[in-house]
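Visitor: I have just opened this page and would like a guided tour. Could you take my questions one at a time?

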Amino acid sequence: MAVPKFKTSKARTRRRQSINMKLTAPAVVKCGSCENQILLHRACSKCGFYRGKQVILPESKV
């Protein structure tokens, strides 16, 4: 069984770990009815449509 000869430094360890900690931007698409930018698989907060159907009343009309 392989055993490390020297202790791995904090800088080397953190450099290796930081590669996997990158944040990704959320996927954003345009709403089909009002062209508002919304997250994927979410109802539009501006018009209340999801997949071509009215599913919620928008806050501006309440």
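Predicted model: local features only at pLDDT ≥ 70, side-chain atom pairs only at ≥ 80, totals over all residues.

Visitor: Where in the chain is Phe49 placed, and is Phe49 buried, partly exposed or exposed?

Guide: Phe49 sits in strand E3. Buried would call for under 20% relative accessible area and exposed for over 50%. The relative accessibility of Phe49 is 28%, so Phe49 counts as partly exposed.

Visitor: Which residues does Phe49 touch, leaving out those up to four places away in sequence?

Guide: Contact here means heavy atoms within 4.5 Å. With residues up to four places away in sequence left out, the partners of Phe49 are Ser33, Ala43, Cys44, Gln54 and Val55.

Visitor: How far apart in space are Phe49 and Lys10?

Guide: Along the sequence, 39 residues separate Phe49 and Lys10. In space, taken C-alpha to C-alpha, the distance between Phe49 and Lys10 is 50 Å.

Visitor: What about Lys7: where does Lys7 lie, is Lys7 buried or exposed, and how far in space is Lys7 from Ala43?

Guide: Lys7 belongs to the segment before helix H1 (10-18). Its relative accessibility is 80%, so Lys7 counts as exposed. Lys7 and Ala43 are 36 residues apart in sequence, and from C-alpha to C-alpha they are 52 Å apart.

Visitor: Which pattern do the helix and strands follow along the sequence?

Guide: The secondary structure of the protein chain comes to 1 helix and 4 strands. Read along the sequence, their pattern is α-β-β-β-β.

Visitor: How much of the chain is buried, and what share of the contacts with a separation of 6 or more joins residues 24 or more positions apart?

Guide: Of the 62 residues in the protein chain, 11% are buried. Among contacts with a separation of 6 or more, the share from residues 24 or more positions apart is 0%.

Visitor: Which residues are closest to the centre of the largest pocket?

Guide: The largest pocket holds about 180 Å³ of space. It is lined by 14 residues, and the closest to its centre are Gly32, Ile38, Arg42, Tyr50 and Arg51.

Visitor: Which elements give two or more residues to that lining, and how do the lining residues divide into nonpolar, polar and charged?

Guide: Strand E2 (37-39) and strand E3 (49-50) each give two or more residues to the lining of the largest pocket. By residue type, the lining divides into 8 nonpolar, 4 polar and 2 charged.

Visitor: What is the phi of Glu35, and what is the phi of His41?

Guide: Glu35 is in the loop between strand E1 (28-30) and E2, while His41 is in the loop between E2 and E3. His41 has 66% relative accessibility and therefore counts as exposed. Neither residue is a glycine, yet phi is positive in both. The value for Glu35 is near 65 degrees, and for His41 about 60 degrees.

Visitor: One last stop: is Lys22 buried or exposed?

Guide: Lys22 is placed in the loop between H1 and E1. Lys22 and Arg12 are 10 residues apart in sequence and 17 Å apart in space, C-alpha to C-alpha. Because its relative accessibility is 65%, Lys22 counts as exposed.

Methods: Residues numbered from 1 in each chain as written. Heavy atoms only, no water. 1 Å grid on protein atoms, 1.4 Å probe; cavity = no way out; pocket = protein on both sides within 12 Å on 5 of 7 lines; lining within 4 Å. Points joined across faces, edges and corners; volume = space filled by probe spheres on them. Nonpolar A, V, L, I, M, F, W, Y, C, P; charged D, E, K, R; others polar. Buried < 20%, exposed > 50% of the residue type's maximum accessible area, 1.4 Å probe, protein only.
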